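Subject: Structure handover

Hello,

Please find the structure below, followed by notes on what turned up in it.

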Amino acid sequence: MASPALTDDLLSDIFLRLPEPADLVRTSAACVPFRRLVTDRAFLRRFRALHPAPLLGFLDHNGFHPALPPHASAPAARAVSLAADFSFSFLPSSSSSSAGRGWVVRDVRDGRVLLDRAPGDGGGDEPSVFTEIAVCDPLHRRCVLLPAIPDDLAAAVDLPLRVEFDRWCEPFLAPGGRGDPEDETSFGVIWMAQCKAKLVAFAFSSSSGQWRAVASLAWHDLMFGVGVSSRSPAFSGRQYARGCFYWVMDWRDKLLVLDTRTMEFSIADLPSGCHRRQIAIVDAGEGRVGMFALRDQVADGAVSLYYTVRQDDADGSSHWQMEKTIPLDPEFRHYIRGAMERYILLLRFPEHLSSAGVHVSSSAEIEDLECFSMDVRTFQLERVCQLKHHILRAYIYTNFPPLLSPQSI
């Protein structure tokens, strides 16, 4: 009997089951018909829905750092770094500044990068609460400048607190998935300010091109009943998982939570014993939220990553349940520097440097700083790259190889 013909539909089903994006890229190089199937936009939407984008590197104040060999994503990271413009030279500049001057990376998500700068060229002495905001696709060298927040909305912002750098506001990218699944260029932005007496937030949609009010909550109302003073609490270290953003309270074991499905804020507990500055919130799979935390083991002084998962209780409450303890090399000092979906980014340097008085926050060059990624599915550490400068925060960049990544702006 003759073998059944391999129709385009059957081939597409086979290609969808390839385990990694790199396998699909190699398949596309086999012949012209395969490439035609692989680059079809409808097929790519299906593939990306089934396969999460791999970690390709991270951005910090010194630019983009691609994953290097032997990291599994190194080939794709190299292809993206060659094709993309992570210097953002395509961003507009004032007449007195060079391209990109004054722009600061504030968030990264779904292949997009959000940057902002103070009005003008970012070189003014007077701080501005409302910054210029740009959403970029560095792989395809495209950007969108967001309109200013209307005066009637901006009037709600009163006595904001500084959040980072010289910024009094926090703009960040909203998660995708709520709009037209065939429109891959639409995006959302959330703008937030922690004011002295209240929390203020606005939302922008690229589909409408407009800002709208999301919340203006008095701290007294938000913190009511949680046993914490309601006077200007400070939250920092924004993270995201499973439809929610999280910020850690600076001086108590509490989390500020923004549920993007309802656009409502709430307060949640941190697991006991966590170092508030050394946690990473991730997608634990099966609809759950996970958290990695660095903890010292008092008995021998070693450091381990503690992995807990938030479990729902029958009465509607929830609790953090320990899942796994991952010992780390005691010859190194470790720091959590970023988290994105199912990945975390660790920075480490030899313990002897710490004992010699070298601090990771030092501005001097350090030859032995290394960055590692960990995938929550495997709990395996993979070396991303080596650094000669410290980083206090990194934005993990996940994306597909250029052939599989359409324009996102």
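C169 is buried, because its relative accessibility is 0% and buried means under 20% relative accessible area, with exposed over 50% and partly exposed in between (1.4 Å probe, protein chains only). C385 is also buried, at 3% relative accessibility. The cysteine sulfur closest to that of C385 belongs to C371, at 4.7 Å, which is too far for a bond. Over the whole structure, a search gives zero disulfides, a disulfide being a pair of cysteine sulfur atoms within 2.5 Å.

This is a predicted model, in which local features need pLDDT of at least 70 and side-chain atom pairs count only at pLDDT 80 or more, while totals for chains, interfaces and linings use all residues. Residues are numbered from 1 along each chain as its sequence is written, and side-chain values use heavy atoms, with hydrogens and water left out.

Confidence

The protein chain has a mean pLDDT of 87, with 87% of its residues at 70 or more; pLDDT is the predictor's confidence in each residue, from 0 to 100. Residues 95-99 stay under 50, and the model has seven contacts for them beyond four places in sequence. A contact here means heavy atoms within 4.5 Å. Where pLDDT is low, the predicted coordinates should not be read in detail.

Overall composition

The protein chain holds eight helices and 23 strands. These are DSSP runs numbered from the N terminus: helices are H or I with at least four residues, strands E with at least two. Of the 409 residues, 50% are buried. Among contacts with a separation of 6 or more in the protein chain, 52% are between residues 24 or more positions apart.

Cores

Which residues have the most contacts inside the largest nonpolar core? They are F58, F88, C371 and Y397, in a core of 37 residues. A nonpolar core is a set of buried Ala, Val, Leu, Ile, Met, Phe, Trp, Tyr and Cys residues joined through side-chain atoms within 4.5 Å. A separate, second core has 22 residues, among them A215, F235, W247 and L256. In soluble globular proteins, nonpolar side chains tend to be buried together. Beyond four places in sequence, the contacts of C371 include F58, L345, L346, L347, E382 and C385.

Individual sites

I326 sits in strand β18, residues 318-327, and is buried at 9% relative accessibility. Residues up to four places away aside, I326 touches F292, S304, L305, M374 and F379. From I326 to Y306, 20 residues away along the chain, the C-alpha distance is 6.4 Å. F379 itself is in the loop between β21 (369-375) and β22 (381-387). Phi of F379 is near 60°, a positive value in a residue other than glycine.

R242 has a positive phi too, near 50°, and is likewise not glycine. The loop that holds R242 runs between β11 (235-241) and β12 (244-249), and R242 is partly exposed at 37% relative accessible area.

T260 belongs to the loop between β13 (254-259) and β14 (264-269). Is T260 buried or exposed? T260 is buried, with a relative accessible area of 3%. A polar atom of the T260 side chain lies 2.7 Å from the backbone oxygen of G243.

D158 is in the loop between α6 (151-154) and β7 (170-173) and counts as partly exposed at 46% relative accessibility. Outside the four places on either side in sequence, D158 touches C195 and K196. The C-alpha atoms of D158 and K196 are 7.4 Å apart, across 38 residues of sequence.

F90 lies in the loop between α5 (74-83) and β3 (104-109). With neighbours within four places left aside, its contacts include D85, C136, P138 and R142. F90 and R142, 52 residues apart along the chain, have C-alpha atoms separated by 7.3 Å.

One backbone item remains. P69 and P70 are joined by a cis peptide bond, with omega about 15°, and P70 is in the loop between β2 (63-66) and α5.

Regards

Methods
Polar contact = N/O pair within 3.5 Å; in protein donor to acceptor, adjacent residues only side chain to side chain.
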